[in-house]
Amino acid sequence: MALMSPTDSIFLLPETRDQPMHVGSLQLLHKPDGATADFLPELFQRLLAVDDVAPMFRRRAYRSVTTLGQWAWQQDRDIDLEHHVRHSALPRPGRIRELLALASRLHSTLLDRQRPLWEMHLIEGLDDDRFAIYTKVHHAMMDGVSALRLLSQSSAHSADDLELRAPYLPIPDDDADHSEPHTGGGLLTSVPGMAVSAASDLMGLGPATLRLAERTLREQLTGPSTRAPRTILNGGITGSRRFAAQSWPLDRMRAVADAASLRLNDVVLAMCAGALRDYLIDLDALPDTTLTAMVPVSLRGLGLDTSAGNAVGVIIAKLATDDPDPAVRLAAIGDSMQDGKELLDGLSVLQVSALSALAMAPLALSSVFGANRLLAPPFNLVISNVPGPTEPLWWNGARLDAIYPMSIPVTGQALNITVTSYVDSMEFGLIGDRRSVPHLQRLLGHLDHALSDLEGAVR
């Protein structure tokens, strides 16, 4: 038994029936050439027949008097793969619409805390001879970046590689990713070092916090406030989800970024901004002031010291949804993201993490105590962009066509947009509460329209 890190356990504490705290992925695959109707049933039986499961996928969340009420990981010695690995079929006519409906239902259900916190579903019945895999893993076990890394490690780089592969199987040492050092020993052995590092870094938080406060005050006095408006996206949520997904060519988005001398992620945000503006106009719910988004950013990309701790900070970006001109929106988003990066420049990882925690504190209060009814939202939604595999992947002889990420709506944040790249496309995964975000699938059409508007604006 090993105590869970505070970062991991924090994802268990706010979990309720209305607020599952797992991340997921929907993958589309082409069957191998010459595959028969028995391909998936036989593959399913092979996946159940394995006798070795990686230690991470045997971990069960546990707490008792012996852990002083703290969450810990306990190895499940008798794992039931038939519970975790499942085989499903779509109803006719087997369109993407039916697949997304099934994925929405699967993502709505809680993982069983009496077992290791993951599931994998093989899904057949698509009308184009493809099949799908839906996976979900509790955020206490894994984040989106780690999940994509694991996907790459459990996939092949050739259609000829027919070795049985699955995320929960032990990864051969030759295929393992050694880019991150292994820091074993559990939480207790690392506390002294963490305390010393925290003390030294937190000594420098005063000036950084003053910079943040001064900037916010200056903007409130001389320009638009950073405070997010209250929208239909920022109320309560239920336990039911709706998922929408679509891919766009990476080259189209890069061309816009190059023409505007901005980053690819700025174009992603501008697409989302244009789509949200049109979506809320359709619902007669667009606020007069701009929506804002919490945008996770890699600290490695900012040149910060990432030798320890989580290498992710957050920026609160203005989406300029109050301006009808796509060119103006794109420029404003680029400026807002650059301002956020300059604010983080020169800080340590721990200092950035502390400031990010301050920015997210109101959301945590809303999630746990229902304070969203009283407090203005700290931002209107989360938009994440996670780099994915740059080369085609295969899985047990099947070619991977698309990877659609699925994240977590929470109380006060009923919509989450996560984007990942795969080879030459950008894969958008939109997950929202069915009640608070009506007609979520319409956002896909608005995203397509927003990209066309951006292309016209930079010509």
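Mentor: Helices here are DSSP runs of H or I with at least four residues, strands are runs of E with at least two, and both are numbered from the N terminus. With that, P93 sits in the loop between β5 and α4, the latter covering 96–108. Keep in mind that this is a predicted model, where local features need pLDDT of at least 70 and side-chain atom pairs count only at pLDDT 80 or more, while totals for chains, interfaces and linings use all residues. Numbering runs from 1 along each chain as its sequence is written, and side-chain values use heavy atoms, with hydrogens and water left out.

Most peptide bonds are trans.

Step back into β5, residues 85–89, and you find R86. R86 forms a salt bridge (Lys or Arg side-chain nitrogen within 4 Å of an Asp or Glu carboxyl oxygen) with E119, and their closest N and O atoms are 3.4 Å apart. E119 belongs to β6, residues 118–124, so the pair ties together parts that are 33 residues apart in sequence. The structure holds 14 salt bridges, by the way.

D284 is in the loop that links α9 (264–282) and β9 (292–298).

How far to trust the rest? Mean pLDDT (the predictor's per-residue confidence, 0 to 100) is 85 for the protein chain, with 78% of residues at 70 or more. Residues 177–203 stay under 50, though, and the model gives them 18 contacts (heavy atoms within 4.5 Å) beyond four places in sequence. Residues 305–310 are also below 50, with 10 contacts beyond near neighbours in sequence.
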